[in-house]
Amino acid sequence: MKKINENFCGYIKVEDNTYTYNVSDNIVTLLPAQSDVSKRYDSLYRIKSHNTDTSEYLFGEDEDSMIAILRKGKFVTNLIGTNVAIRFATPIIIKADGNAQGFFSMLTEEWCKFHAITFCGGNINALYPPDIAIEQPDISELLKYDGARTIKMRPWSDYTRTTEFQIENEKVTLTVSVGQTAETNNTENRGAYNLGKMYTFFRFSFENAQRFEKIEKYYIIVKKIVAILTAQNNVCFEEVYLSQRNSEQKYFKTGICKIFDSYENYSIRQRHKVIPIFSVFDYMPNLVNGIINSKADSLLELLPEDNKMVNRISIKNVQDLCTALEVSYHLDDKRKREKDALIEELKKNIKNTIAEYAKEHNEIDVNKETTISSAFQYLDYTLRQKILTLYNENSDVVNAIVSKYSLPSVNENNIASFVKLRNNKTHSGTVEWGESANIYAPLFAIVYASFFKYIELPDKVIKSTLLQIF
């Protein structure tokens, strides 16, 4: 798999001005390319007035290829003394996958467009192990001791699946399959032949060509899918690349992406501790919609971003979990519980009572002179009652997790103790853990189960998938 170097340099354009640039990790440093001193300073002043309110891709070239660098923040300039450099941090760099005339003649769109974006390897491998593509040998092969065992790939259709959904009215096809890196004849090892390595990939392909500006959105969606299925936010991909489609509907690689993140380390969860992709594949359109509509945000907030935080609980985790449970109760806007109707009826009766009182006592304007208008605005069930309701709705999966780890059973008393943990920290700043932390995992499972119910995953599948990650 090709990689973009951590350090490289070349020329790049900002509006009509050309600059030399140097990239070191995600920091881009620009210098005016003009030899004339006055023109250099003029160029610096122009870039200082450049509109940076909206993000943009800056195009140029490195030593041998076209390059595109995303600028999202402001240019940092220093016009004092001899330091005339301009700097900015970039989240994404794209490099063309070729530079010869033949490469550009293959393009069916401008280079800044793509018909597909592919995410390869990394944590995706755990969701669908790439060895699925290898045909398992029969017993006669296993009994051979002469070193002549056959390595045979299964047909592409046997291990490839697709599904369709829409993102911002654009039809998207998700393909999940297994790829293989290019073979090499390794001269350093006296001609030993390297078959390459296999990896699982997710590919988003589109009916219409997409511009580079959409890369970040698709990256975030795929990253969140992988995070939810692996129960950690610090996920990575070994390669992300762009492709265009030719007249024969075949894809060819046009660009390699380097996407930066802030993680100190990456998840090392193996296949037996994640949710297999095909457990939820039939519901992928609903999962993607849930991510796009921010329905997964409270769940994602609970997932660790550092391997050191796996299996550790902080008071912030407790606070975030309480918030997530509150959100989970109201996750499905269309769902109406019987008790919710009673709350609405109570609000209506209180409102009518206030109106009757105001008619009889015109000496006081209850709406202007009192807090009555806001006193019942947020009338609702307590968080304890909401969690108890959610538990009753998801007791099967929660009790299975309790049984798996011999945890205390979830009931009204320990739910109240857990909520008290959050309240004590908020109001007094003190934390007395007691045994409240013991029900963190079962309550966390409720958040997962609520989201999976929202995307219409069957209860049986919810139970089996959550027992994988808890």
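The model is predicted, with local features requiring pLDDT of at least 70 and side-chain atom pairs counted only at pLDDT 80 or more, while totals for chains, interfaces and linings use all residues. Residues are numbered from 1 along each chain as its sequence is written, and side-chain values use heavy atoms, with hydrogens and water left out.

Helices (H or I, at least four residues) and strands (E, at least two) are DSSP runs, numbered from the N terminus. Axes are lines fitted to C-alpha atoms, for helices over the stretch in contact, and angles run from 0 to 180 degrees between N-to-C directions. Helix H14 spans residues 395-405 and helix H17 spans residues 459-469. Their axes come within 9 Å and cross at roughly 30°. H14 is therefore roughly parallel to H17 (angles under 35 degrees count as roughly parallel, over 145 as roughly antiparallel, 65 to 115 as roughly perpendicular and the rest as oblique). The crossing is right-handed (the near helix is turned clockwise from the far one by less than a right angle; anticlockwise gives left-handed). H14 contributes Asp396, Val397, Ala400, Ile401 and Lys404 to the contact, and H17 contributes Ile462, Lys463, Leu466 and Leu467. Contact means heavy atoms within 4.5 Å. By class, the contact of H14 with H17 holds 6 nonpolar, no polar and 3 charged residues. Ala, Val, Leu, Ile, Met, Phe, Trp, Tyr, Cys and Pro count as nonpolar, Asp, Glu, Lys and Arg as charged, and the others, Gly among them, as polar.

A second pair is formed by helix H9 (residues 315-329) and helix H16 (residues 440-454). The axes come within 10 Å and cross at roughly 35°. This crossing of H9 and H16 is left-handed. From H9, Asn317, Val318, Leu321, Ala324, Leu325 and Ser328 meet Tyr440, Leu443, Phe444, Ile446, Val447 and Ser450 of H16. The residues of this contact divide into 9 nonpolar, 3 polar and no charged.

Thr118 lies in strand E9 (residues 113-120). Its relative accessibility is 1%, so Thr118 counts as buried (buried is under 20% relative accessible area, exposed over 50%, partly exposed in between; 1.4 Å probe, protein chains only). Beyond neighbours within four places in sequence, Thr118 contacts Phe201, Phe202, Arg203, Glu239, Val240 and Tyr241.

With a disulfide defined as a pair of cysteine sulfur atoms within 2.5 Å, the count is 0. Cys236 is in no disulfide. Its nearest cysteine sulfur, that of Cys120, is 12 Å away. Cys236 is partly exposed, at 22% relative accessible area. Cys322 is buried, at 1% relative accessibility.
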